[in-house]
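Notebook open, model loaded. I want to go through the helix, the holes, the rings and a few single residues.

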Amino acid sequence: MRVAVLHPQTAFVRGGAETHTEALVRALRDAGHEADLVQIAGKWYPPSQLAHQMAVWRSFDISESNGLKVDAVIGLKFPAYLAQHERKIVWLIHQHRTAYELWDHPDYADLKRQDDGAKVRDMVWEADRVSLGEAKRVFTNAKNVRDRLWSTLRIPAEPLYHPSHVAEELLDTPSGPLGDFLLFPSRMESLKRQSLAIDALKHVSTDVRLVLVGRGPDEPQLREQVERLGVGNRVTFEIGVSDERLQQLYREALGVYFGPFDEDYGYVTIEAFAASRPVVTLTDSGGPLEFVRDDETGLVRPPDAKAIADAFDLLWQDRAGAQRMGAAGHALVRSEVPRWPDIVARLLD
């Protein structure tokens, strides 16, 4: 089968969406399909650019390519799934969040504050109703994304988890002894809330440390925050690490902290559990809560620096408990997250 995986690419940005689409293409090829990643570059601001990108994807003819029929398309992200095809499958990573659950948020809303933001928001909702409604199958990468879709557009979908490449590698290698730091790998931006974890270090009573991995626009402010709070001896930045280095950090960590605001799915939780590490997450973190069960696979705390610090100290002081929760998380990932051959079969069933 010839399958096109559709992806809107923002130049010089790389994150979970890119990891997801590339892994899907590899899995389709491994299953014997002729698969290709079809990308159109674009950006999401100002709102007029968003409207332009919607029109580009909606008018994009992917029924055939170079004279050869394309049998199916899989769209994962707005506005790529606006493309029309007789066998369109959607595996939704998330809707355009600032037009939906972040529209009124005091910190994360941006579309609402821009000229014509309300008009573009209405366009996004209508385009989603039509394009998602015409898809043959709609999957989501998490229950959280499914619930958002249902609560806004009343479109049903099937949650379909998947492992990252790093998680697969960690699942297949033995975990090492617990270390002395909490690992927080993520893109450095406001929604991921690295600043909250740094604030927590003011309140810890043990020698626990924090290792921040990633890159992003908030890196300068985070470094300034570390210096201003005088916690430089407790925080390490690792920028742009390789997959091999990231796996090493997971294996050497005491645990993993992942406290974003209303995350869609989040590879970090899956990767931490693959490495048999407990996860500290927050009550408003969204997707991670589908896996992190308080005192079973990790610790769930309110989004408060002191509460996070207490969780960090608890893992430091109760290593047997940390080990127990990490092992339970490992077993959970093995039972709940399918491998790629099964995923491909479900998508193309």
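These are my entries, in the order I looked things up.

**Ground rules.** This is a predicted model, so I note that local features need pLDDT of at least 70, side-chain atom pairs count only at pLDDT 80 or more, and totals for chains, interfaces and linings use all residues. Residues are numbered from 1 along each chain as its sequence is written, and side-chain values use heavy atoms, with hydrogens and water left out.

**Helix α1.** I began with α1, residues 16-30. Helices (H or I, at least four residues) and strands (E, at least two) are DSSP runs, numbered from the N terminus. The expected span of a helix is 1.5 Å times one less than its number of residues. For the 15 residues of α1 that gives 21 Å, and the end C-alpha atoms are 21 Å apart, so the two agree.

Next I asked which residues of α1 are buried. Buried means under 20% relative accessible area, exposed over 50%, and partly exposed in between (1.4 Å probe, protein chains only). My list reads Ala17, Glu18, His20, Thr21, Ala23, Leu24, Val25, Ala27 and Leu28. A reminder to myself: an α-helix has 3.6 residues a turn, so residues three or four places apart point the same way.

What do the buried residues of α1 pack against? I found the strands β1 (2-9), β2 (34-41), β5 (72-77) and β6 (88-94), plus the helices α9 (267-274) and α12 (340-347). Just after α1, glycine 32 has a positive phi of about 95 degrees.

Arginine 2 is in strand β1, and I logged it as partly exposed because its relative accessible area is 22%. Leaving out residues up to four places away in sequence, I see arginine 2 touching Glu34, Leu68, Lys69, Val70, Asp71 and Ala72 (contact means heavy atoms within 4.5 Å). Serine 63 is 61 residues from arginine 2 in sequence, and their C-alpha atoms are 11 Å apart.

Arg2 also turned up in the lining of the second largest pocket, along with Val3, Ala4, Glu34, Ala35, Asp36, Val38, Ile62, Ser65, Asn66, Leu68 and Val70. β1 and β2 are the elements that give two or more residues to that lining, and β2 has the largest share with four residues. I put the pocket volume at about 170 Å³.

For pockets and cavities I use a 1 Å grid over the protein atoms alone: a cavity is a set of points where a 1.4 Å probe fits but cannot get out, a pocket is an open set with protein on both sides within 12 Å along at least five of seven lines, and lining residues have an atom within 4 Å of a point. Grid points are joined across faces, edges and corners, and a volume is the space filled by probe spheres set on the points.

**Alanine 72.** Alanine 72 sits in strand β5 and is buried, at 0% relative accessible area. Its contacts, beyond neighbours within four places in sequence, are Met1, Arg2, Val3, Ala4, His85 and Arg87.

**The cavity.** How many cavities of 30 Å³ or more does the structure hold? I get one. The largest cavity has a volume of about 30 Å³, and Trp44, Leu50, His96, Thr98, Asp110, Leu111 and Gln114 line it.

**Rings.** I count 12 aromatic pairs. Rings of Phe, Tyr and Trp (its six-membered ring) pair if their centres lie within 6.5 Å; planes under 30 degrees apart count as stacked, over 60 as edge-to-face and the rest as tilted. Tyrosine 108 and phenylalanine 261 have ring centres 5.4 Å apart and planes at 35 degrees, so I wrote "tilted". Tyrosine 108 is in the loop between β6 and α3 (117-133) and phenylalanine 261 in the loop between β12 (255-257) and α9, so the pair ties together parts 153 residues apart in sequence. Both residues, tyrosine 108 and phenylalanine 261, are buried. Ring pairs also link Tyr161, Tyr265, Tyr267 and Phe291 into a cluster.

**Lysine 192.** Is lysine 192 buried or exposed? Lysine 192 is buried, with a relative accessible area of 10%. I found lysine 192 in the loop between β9 (181-185) and α6 (194-200).
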